[in-house]
Amino acid sequence: MSYAEVNGINLYYETHGTGQPLVLLHGGLGSGEMFGASLAVFAENHQVILPDLQGHGRTADIDRPVDYALMADDIAALIDHLGLDRPDVVGFSLGGGVGLQLAIRHPEKVGKLVSTSAGIRRDAFYPDLLAQQAQVNAAAAEFMTETPMYELYARVAPRPEDFPRLLDKIGETMRRDFDHTDDVRGLRVPTLIMGADADMVPPSHFVEIFALLDGGQRDGGWMGDGRPKGGHALAILPGTTHYNIIDSPLFATTALSFLSQK
């Protein structure tokens, strides 16, 4: 359990296991603890670096927005701080979006990427979900005091009183329009796009992202010579949702299978 001073933030991280470095990025309003049993599977043959992103878990907030690009820069700085050589990156939800930005902004620092349950266009999310996200702000804090998310935050956060502030920032981020289509189209890091078959966006959105990466354009061929030129892949995990995909045994095994491919 350590802290790294990077980009003006005191970033908390843990290290588990030994082997090829792998950075594991958690979802919004969570922390590294949310990976549960999956962490042990990843750490069997990897040195897992498990940071808590800005304002989450044991990393205190600072005076800036909760922004995917800024958090990606934090992880790039952490990779440099630890002297890691192109570690693989696995991210979920918020962490999946941060992982994509890391690969877009700092491709030279990443080996392979697994981006799980991360949409690249705001209008790809279901309309009723967007309406719910629009209600996320500091005023919602009092209604969340008995939720697992708040209980975790209150237990580990350096300043538990910052929870309403985190909700304000997360809500602001979710209400902001975004479309990373052009950035993803130019992605050079081999990437697995993974999603639940009942996620926050329809499965067709993950197929759309895969298509931007040259996926699904032709028959793969007996020798795989028709697969995406950049080494990209797609996985839709059956029987999962956005809220339990990382608890599925398929999450770690699918990610590790992709990372182990030459």
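**Notes on the model**

This is a predicted model, in which local features need pLDDT of at least 70 and side-chain atom pairs count only at pLDDT 80 or more, while totals for chains, interfaces and linings use all residues. Residues are numbered from 1 along each chain as its sequence is written, and side-chain values use heavy atoms, with hydrogens and water left out.

1. Strand E1 (residues 2-6) and strand E2 (residues 9-16) run antiparallel and are joined by five bridges; strands and helices here are DSSP runs numbered from the N terminus (E, at least two residues, for strands; H or I, at least four, for helices), and two strands pair if DSSP finds at least two bridges between them. Tyr 3 has Tyr 12 in E2 as its bridge partner. Two residues lie between the strands of this hairpin, and Asn 7 takes a positive phi near 55°.

2. Next, the charged pairs. The structure holds 16 salt bridges, each being a side-chain nitrogen of Lys or Arg within 4 Å of a carboxyl oxygen of Asp or Glu. One of them pairs Arg 176 with Asp 67 at 3.9 Å, N to O. Arg 176 sits in the loop between helix H6 (163-175) and helix H7 (181-185), and Asp 67 in the loop between strand E4 (46-51) and helix H2 (68-81), so this pair ties together parts that are 109 residues apart in sequence.

3. Arg 176 also meets Glu 172 in a salt bridge, at 3.7 Å from N to O. How accessible are these side chains? Arg 176 is partly exposed at 32% relative accessibility, Asp 67 is partly exposed at 21%, and Glu 172 is partly exposed at 43%. The classes are buried under 20% relative accessible area, exposed over 50%, and partly exposed in between (1.4 Å probe, protein chains only).

4. In the salt bridge between Arg 218 and Asp 214, the closest N and O atoms are 2.7 Å apart. Arg 218 is partly exposed, at 36% relative accessibility. Salt bridges that share partners also join Glu 33, Arg 58 and Arg 155 into one network.

5. Finally, please look at the surface patch. Val 207, Leu 234 and Ile 236 form a nonpolar patch with about 200 Å² of accessible area together. Areas come from the Shrake-Rupley method with a 1.4 Å probe, and for residues only the protein chains shown count as cover. Patch residues have over 30% relative accessible area and no salt bridge; like charges are joined within 9 Å, and nonpolar side chains (Val, Leu, Ile, Met, Phe, Trp, Tyr) within 5 Å. Val 207 belongs to helix H8 (residues 203-212) and is partly exposed, at 43%.
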